[in-house]
Amino acid sequence: MIKTVKEIYPEKLSLFQNVSFSASTVTRRMEDLSGEVFSTLSEKAHSFQYSSLSLDESNYILDTAQLLIFIRSVDKIFQVVEDLYALRSMKDSTTSENLFLEVHQALNDLDLSWAKLKSVTTDGARNMVGSKTGLVKKYAMKSLMLMAPLL
């Protein structure tokens, strides 16, 4: 970082020389930023009228699957919020049940009602869209259970 600043902004070098770039400092700062983003999104979530999720599951180089959960929501005054809501590491398996539980926990963490969730899109993997046991099928069943009292 210092070498880059020295090349691009030599007049600002003194500002960067006193900044700690140790792994623990960077990790702590990233955790602070993450907490702030979650806090802001959590406050906004109470005003969401409708939400949709986009889910993508991929494998990290160390055989750890990662589930990315993107959220798009609209509130009463039609302000749209789009954000990467969560990245969940999944070390054991990525069955549709495990994925569903991760999404369920993410919605609970945000205190977002399933009734406000109107759409789920995925990357098309079998564990996401399988017609009998895929995550989307589980979402559809959850939605039907929520609508049952209205029918």
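## Contacts of Glu-57

Two residues are in contact when heavy atoms of the two lie within 4.5 Å. In this predicted model, Glu-57 touches Ala-65, Gln-66, Leu-67, Thr-94, Leu-99, Asp-123, Asn-127 and Met-128, leaving aside residues up to four places away in sequence. Glu-57 belongs to strand β1. Because its relative accessibility is 14% and the limit for a buried residue is under 20%, Glu-57 counts as buried.

## The sheet

Strands of a sheet pair through backbone hydrogen bonds, and they may do so in a parallel or an antiparallel manner. Here, 4 strands form an open sheet in the order β3-β2-β1-β4, and the pairing is mixed. Strands β3 and β4 are at the edges, each pairing on one side only. On average, neighbouring strands of this sheet are turned by 20 degrees against each other, with direction ignored.

The pairing of β2 with β3 can be described in detail. Strand β2, which covers residues 65–75, runs antiparallel to β3, and 10 bridges join the two. Val-74 stands opposite Val-80, a residue of β3.

## Helices against the sheet

Helix α3 lies across β1, β2 and β3, and it runs at about 125 degrees to β3. Helix α4 also packs on the sheet, where it touches β1, β2, β3 and β4. The direction of α4 makes about 130 degrees with that of β3.

## The cavity

The structure contains 1 cavity of 30 Å³ or more. The volume of the largest cavity is about 40 Å³. Its lining consists of Leu-53, Leu-55, Phe-100, Val-103, Trp-114, Leu-117, Val-120, Leu-135 and Tyr-139.

Both strands and helices contribute to this lining: β1 (48–59), α4 (96–110), β4 (117–121) and α6 (135–147) each supply at least two residues. By residue class, the lining of the largest cavity has 9 nonpolar residues, no polar ones and no charged ones.

## The pocket

The largest pocket has a volume of about 210 Å³. Ser-34, Val-37, Phe-38, Leu-41, Asp-83, Leu-84, Tyr-85, Ala-86 and Leu-87 form its lining. At least two of the lining residues come from each of α3 (23–45) and β3 (80–90). Strand β3 provides the largest share, with 5 residues.

The lining of the largest pocket divides into 7 nonpolar residues, 1 polar residue and 1 charged residue.

How values were computed
Residues numbered from 1 in each chain as written. Predicted model: local features only at pLDDT ≥ 70, side-chain atom pairs only at ≥ 80, totals over all residues. Heavy atoms only, no water. 1 Å grid on protein atoms, 1.4 Å probe; cavity = no way out; pocket = protein on both sides within 12 Å on 5 of 7 lines; lining within 4 Å. Points joined across faces, edges and corners; volume = space filled by probe spheres on them. Nonpolar A, V, L, I, M, F, W, Y, C, P; charged D, E, K, R; others polar. Buried < 20%, exposed > 50% of the residue type's maximum accessible area, 1.4 Å probe, protein only. Pairing = 2+ DSSP bridges. Axes fitted to C-alpha atoms, helices over the stretch in contact; angles between N-to-C directions.
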